[in-house]
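Keep the viewer open and follow along.

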2 protein chains.
Amino acid sequence: MDNLLSNIKIKVNDKVFIKDPESSELGKRIVQGTIGLIDEIGFEQFTFKKLAKEIKTSEASIYRYFDSKHHLLVYITLWYWGWMEYRIVFKLMNIESAEERLTIAVKTLTEVIEEDKDFNHINKVKLHRIVIRESSKIYLNKSVDNENSEGFFLAYKRLVERVVKIILEINPTYKYPHMLVSTIIEGAHHQRYFAKHLPRLTDIVNGEDAVTTFYQKMALTQLKD
Amino acid sequence: MDNLLSNIKIKVNDKVFIKDPESSELGKRIVQGTIGLIDEIGFEQFTFKKLAKEIKTSEASIYRYFDSKHHLLVYITLWYWGWMEYRIVFKLMNIESAEERLTIAVKTLTEVIEEDKDFNHINKVKLHRIVIRESSKIYLNKSVDNENSEGFFLAYKRLVERVVKIILEINPTYKYPHMLVSTIIEGAHHQRYFAKHLPRLTDIVNGEDAVTTFYQKMALTQLKD
DNA sequence: ACATATATGATAGTAAAACTACTATATTTG
DNA sequence: CAAATATAGTAGTTTTACTATCATATATGT
């Protein structure tokens, strides 16, 4: 991918922010600083006051971009999903075999993220760690129905749908394609987290990326039912 | 199970509470009230002040039982895991076939909970909804390593290990038994939540419990690898 | 060039949440 | 039955999450 994406912008639902953080220098510092700080101290300890200090601005200025720290977390998660969809579309180009496309999609969704130079102000390694630890909090709460009706989760649904389509190409009568895909995405996050913090809840295998291998096999075998 | 469990107490790691809530009338009201209130308003909106009002006691009295609302959530989640382990042990009694045991274990872990009369002050239907929406928050945060070293998650590990053993009975060389079990447990929670709030991320099939069916099949087919 | 819109910064304030310290009362026990 | 102990209740403090106000800097349009 290299620098091909250097003039592409990942679009995020504009109901998530008050002012688009991509539209200004300060906005980008907010996003960059948020990723650094949440990665470091966790979402619960993260406050706008600490962020303001970190990026040398005022609390009030941050409130001009985001309503709440919750919306800021939603923002970076939606950005991540949008970015994932892009990566998948890219990697699947010109690949004909549906099986191969599925294998690549699952690898992309589950593999460890390596740092690259696209979207400069966003550190994807840190973002990935945040998505693993924090992203489910954006929908596991009482505001989910409201936010769903505002379209907050469309980026996630699109991402899932894209992989579902590949599965249905392989087996048009498979009954649980959405379940399979969302199990893989969420499951991979969990397994990476367990590997680091609760290793007895997962399996760490020498010489292979067990998470990716496990879910690739799962995708290919389950859809045969 | 009926009333067989009426004089059994689910043990919860005593580092989670300051004073055992099972040891007094007030303690039981705290647990009962917590389950009702978190189910109703969600963990983020839940406060000790609201709980105190609900159960007609004072904030300070609740603080004598639990350090923080986080520990209270840990408590009810650990209770749930302990209870699940009990249910599984019970249901597997005298069943010889490992395949059948696995099918029953997965059903128990993934099925919809029906109200019963055991452990009277704990409403298991509400508790199940809370576990689905909130339980992952007990480990998806920066205190996980500390709390893990205090043994907070042993009940979860024991539960997983119990099912892992069945899998290894069926296929002693299967490489990913923990991954499979934790994927099933967490996955089932997610799918039930999606079915209610984000249905496009799952598959709802008429005339069957798609969640249980999906994960039962997954367990039986994956371990063949 | 100058008025005006827009962006940011600095400061202060409010309400609720999270937690602590202290006081009062009930119960147990020596 | 007095002293010790457990439990409950009241009144704080600190932090968080947010709002409001005003000052200043920068950009834009005519």
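How many salt bridges does the structure hold over all chains? The count is 28. Bear in mind that this is a predicted model.

Start with one salt bridge inside chain A. The side chains of A:Asp20 and A:Lys9 meet there, with an N to O distance of 2.7 Å. Both residues lie in the segment before α1 of chain A, and eleven residues separate them. The pair is described as linking distant parts of the chain.

Now turn to the boundary between the chains. Two salt bridges are counted between chain A and chain B. One of the salt bridges joins A:Lys175 to B:Glu208. Their closest N and O atoms are 3.3 Å apart.

Which helices of chain A supply at least two residues each to the side that touches chain B? They are α1 (25-41), α6 (124-134), α7 (144-149), α8 (154-170), α9 (177-197) and α10 (210-222). The largest share comes from α9(A), with twelve residues. Sorted by class, this side of chain A has 24 nonpolar, 14 polar and 16 charged residues.

Next, the extent of the interface. The size of an interface is often given as the accessible area lost when the parts come together. Chain A and chain B bury about 4,900 Å² between them. Carbon and sulfur atoms carry 61% of that area. In residue terms, 54 residues of chain A are in contact with 54 residues of chain B.

Zoom in on one helix pair across the boundary. The axes of α10(A) and α10(B), the latter spanning residues 210-222, come within 11 Å. They cross at roughly 110°. An angle from 65 to 115 degrees counts as roughly perpendicular, so α10(A) is roughly perpendicular to α10(B). On the chain A side, the contact is made by A:Lys217, A:Met218, A:Thr221 and A:Gln222. On the chain B side, B:Lys217, B:Met218, B:Thr221 and B:Gln222 take part.

Finish inside chain B. Here the axes of α6 (residues 124-134) and α9 (residues 177-197) come within 9 Å. How are these two helices oriented? The crossing angle is roughly 100°, which means that α6(B) is roughly perpendicular to α9(B). From α6(B), the residues are B:Arg129, B:Val131, B:Ile132 and B:Arg133. They meet B:His189, B:Arg192, B:Tyr193 and B:Lys196 in α9(B). The class count for this contact is three nonpolar, one polar and four charged residues.

Conventions:
Residues are numbered from 1 along each chain as its sequence is written. Chains are lettered from A and ligands numbered from 1 in the order in which they are written. This is a predicted model: local features need pLDDT of at least 70, side-chain atom pairs count only at pLDDT 80 or more; totals for chains, interfaces and linings use all residues. Side-chain values use heavy atoms; hydrogens and water are left out. Contact means heavy atoms within 4.5 Å. Buried area is the accessible area (1.4 Å probe) that two parts lose on being put together, summed over both. A salt bridge is a side-chain nitrogen of Lys or Arg within 4 Å of a carboxyl oxygen of Asp or Glu. Helices (H or I, at least four residues) and strands (E, at least two) are DSSP runs, numbered from the N terminus. Ala, Val, Leu, Ile, Met, Phe, Trp, Tyr, Cys and Pro count as nonpolar, Asp, Glu, Lys and Arg as charged, and the others, Gly among them, as polar. Axes are lines fitted to C-alpha atoms, for helices over the stretch in contact, and angles run from 0 to 180 degrees between N-to-C directions. Angles under 35 degrees count as roughly parallel, over 145 as roughly antiparallel, 65 to 115 as roughly perpendicular and the rest as oblique.
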